[in-house]
Amino acid sequence: MEYSLCTHSLFIFSASFCIMLRLAVFCFLLYTLLVASSAQSDSNQPVIQLRLAGEKKKHYEGRVEVFYNGEWGTVCDDDFSIYAAQVVCRELGFTGAESWSPSAKYGKGEGRIWLDNVHCTGSEKSLAHCESNGFGVSDCKHSEDVGVVCSSKRIPGFKFIRNQGLTVQVEEVRIRATYSHRKRIPITEGFLEVKDGGKWRQICNEDWNQKNSRVICGMQGFPGEKRFNTRPYKLLASRRKKNYWGFSINCTGNEADLSDCKLGREIEQKGNSTCGKGMPVVVSCVPGRVFAPSVSIGFRKAYRVEQPLVRLRGGAMIGEGRVEVLKNGEWGTVCDDNWNIRAATVVCRELGFGSAKEALTGARMGQGIGPVHMNEVECSGFEKSLTECYFNPNSLGCSHEEDAAVKCNVPAMGFHNRLRLSGGRNPYEGRVEVLGERNGSLVWGTVCSDSWGTMEAMVVCRQLGLGFASNAFQETWYWQGDSSADPVVMSGVRCSGTELTLEQCLHHGKHVACPKGGGRFAAGVSCTMTAPDLVLNAQVVEQTTYLEDRPMYALQCAHEERCLSGSADKADPSSYRRLLRFSSQIHNNGQSDFRPRASPQSWVWHDCHRHYHSMEVFTHYDLMSLNGTKVAEGHKASFCLEDTYCDEGIQKRYECANFGAQGITVGCWDTYRHDIDCQWIDITDVKPGDYILQVKRLLWLSGFIRYWCQTGTFETVPVLKRCSNRCLKNGEHKLCPKTSHV
């Protein structure tokens, strides 16, 4: 008999295939941000050019490099300050600096160290105007090269001095849809326009290629580009007044941002004759499975979670999270050694998003559990999956403190414009108000709070870009919203948690039915950008599962807490119950501690077991047939949530002794041993055979639901095989029951 492990979670992707690995050639590309400075003063100060280079994660950060006397060189970190960083960033066209880094954080440069002991007041127009030892006078090594992180915002109307071979610098990039497509969400096709000098301009398509389009689509949140019908665009272009940008663009296709592409030839401006052999560039993109184009008001369908080999975990927003890969049926993490924007972009495109905005290191999206499957990952940028990239299988020693993560570009859907929070003390809380149809027009109104819960609140917070739901409120009399929005316009809302908008959830549609009415009973939420993430350690369940026949007289307290099946109510006290027992170990891999919602004053005392329940049901245990029918069930109350063990270096904060505080610290885990009451399923009435054991732990604060399931007979202790969302029986795949709804 074979057994398997299956895992599901809301709006997180899973997989159903074994990982196939192959080596890919890796070429390291030095990303540079390069502009020319207008640093020439009446005092005959030298003219320099600046760029940001090195092992960058974003186009607005990197090692500071100076072009002087025909040669590129670096700047020493001695006496460098945030004021000098401000001068550098403004000279590069950014509004300011966020921070600076010493000791070659972005890698060691080459060539001369042009500047040392730089002193700036912050008001200088160029780094060349700051006091220093003089150009080329330095006692530093390249291990002291300085780097900066600039604000991502551009100076409006900033004029770059451009030379062929430099990188592209514009203020904004957009795809401008034709009139017939502007009501479609997202905008996937249209004329490409760049904002330069405060004005939107088109690009001549004479030198344009498919690789350039791929980069643009990635920036706009789409995984790839596609062909389109040029005829209607030629007709439109002939009728429109054109304002061409002065350069062509050369991209390799693997850049994460247009700012990483090189400037091509200069386009001679000839009025209406500019780009005489071509027309303005048109870009057409393929949306990922999550974002199907539709008319804005008619966008209803929630996406279906498919099963790739890579998934994201722990992120507050869609398109971000810790990177996990499936290998030999087991999910594991990726070490951040060599992790860069190119590998992150492969992950993002694989999952149906655009290119990566950021490649995160140091477990910024929480620590995973289980093995670290990949280390020293190197991608060319054109792989279809992260599993096709080269990695070092012999490189060991990475801990989960080094788990890699990503933030991906996602399409501008505009969903936040159809929902708002009103009356809260801060932008993260308030009464939920939606833009709904009433008497043939769109008006703002409230949501009926009947059946309103955390799943619905999760969708609201995600739709508004506010992260996780920390609370769902069924009374909001203390939040006075706009009185014109008091009428209820949406009722009967039931969400599974995968929806991108509240409209995608089940609801009553145009026929609103709310017995209590709106007013004080309108739905409300509070959101948070950080949340706990409870993950069940499936291996512990595998190692501790066994059967026990226990006499009824020894189960009186468990019977009182309804931990036995219904037939136990009429059972003879001398009879036995057959129990499927196992331990459960729950890890907090999130970014904040887990605490029971109820205050200690409202905890329930159980006299028989002599303990409090901080949550009446903390875990559901379901035994299901292979066709998904539930045949037995159990549950576990949280009588003691505490830090049983913690990762190295993390201090325990919660201990149940002497009625102490209950909870699970980030990086710690709580264990319910197999030998305590109710840590079982009563299978006395279940016939021998193959079944699915499903463990569900509900974490209301973060909205994550972790499922674990196994199949097998319960005549003997199971020996388990791991898989994804499919369970194996006699070598054949059997679909596990759907577990996306509570």
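These legends go with a set of close-up views of one predicted model.

Local features are described only where pLDDT is at least 70 and side-chain atom pairs only at pLDDT 80 or more, while totals for chains, interfaces and linings use all residues. Residues are numbered from 1 along each chain as its sequence is written, and side-chain values use heavy atoms, with hydrogens and water left out.

**View 1. The whole chain, before zooming in.**
The chain holds seven helices and 44 strands; helices (H or I, at least four residues) and strands (E, at least two) are DSSP runs, numbered from the N terminus. Of its 742 residues, 56% are buried, where buried means under 20% relative accessible area, exposed over 50%, and partly exposed in between (1.4 Å probe, protein chains only). Take the contacts (heavy atoms within 4.5 Å) with a separation of 6 or more: 73% of them link residues 24 or more positions apart.

A nonpolar core here is a set of buried Ala, Val, Leu, Ile, Met, Phe, Trp, Tyr and Cys residues joined through side-chain atoms within 4.5 Å. The largest one has 33 residues, and Trp 339 is among those with the most contacts inside it, along with Val 323, Val 334, Val 347, Val 377, Leu 386 and Val 406. At least two residues come from each of β18 (310-313), β19 (320-327), α4 (341-350), β21 (356-360) and β23 (405-408). Helix α4 gives the most, with six residues. Domain 2 (172-291) and domain 3 (311-409) each put in at least three, with the bounds taken from an automatic or database domain assignment.

Ten of the ten residues of α4 are buried, Arg 342, Arg 349 and Glu 350 among them. The cover over these buried residues includes α2 (210-219), β13 (224-225), β18, β19, β21 and β23. At the start of the helix, a side-chain oxygen of Asn 340 comes to within 3.2 Å of the backbone nitrogen of Arg 342. Asn 338 sits in the loop between β20 (330-334) and α4, and has a positive phi of about 70° although it is not a glycine. With a relative accessible area of 44%, Asn 338 is partly exposed. Just after the helix, Gly 352 takes a positive phi of about 95°.

Asn 409 belongs to the loop between β23 and β24 (419-423) and is buried at 14% relative accessibility. Among the residues it touches, not counting those up to four places away in sequence, are Gly 218, Met 219, Phe 353 and Lys 357. Thr 501 lies in the loop between β28 (488-490) and β29 (524-528), and is buried at 3% relative accessibility. Apart from neighbours within four places in sequence, Thr 501 is in contact with Phe 415, Val 459 and Gln 463.

**View 2. An open four-stranded sheet.**
The strand order is β30-β33-β39-β38, with antiparallel pairing; two strands pair if DSSP finds at least two bridges between them. β30 (534-536) and β38 (645-646) are at the edges with a single partner strand each, so one side of each has no neighbour in the sheet. Four bridges join β33 (residues 584-588) to β39 (residues 668-672), and Gln 585 has Thr 671 as its bridge partner in β39.

**View 3. Strand β32 and its pairings with β31 and β40.**
Six bridges join β31 (residues 546-551) to β32 (residues 576-581), running antiparallel. Glu 548 has Leu 579 as its bridge partner in β32. Three bridges join β32 to β40 (residues 680-682), again antiparallel, and Arg 581 stands opposite Trp 680 in β40.

**View 4. Pro 600 in its loop.**
Pro 600 lies in the loop between β33 and β34 (604-606) and is partly exposed, at a relative accessible area of 49%. Its C-alpha atom is 8.9 Å from that of Gln 662, 62 residues apart along the chain.

Terms used: A polar contact is a pair of N or O atoms within 3.5 Å; within protein, one must be able to donate a hydrogen and the other to accept it, and residues adjacent in sequence count only if both atoms are side-chain atoms.
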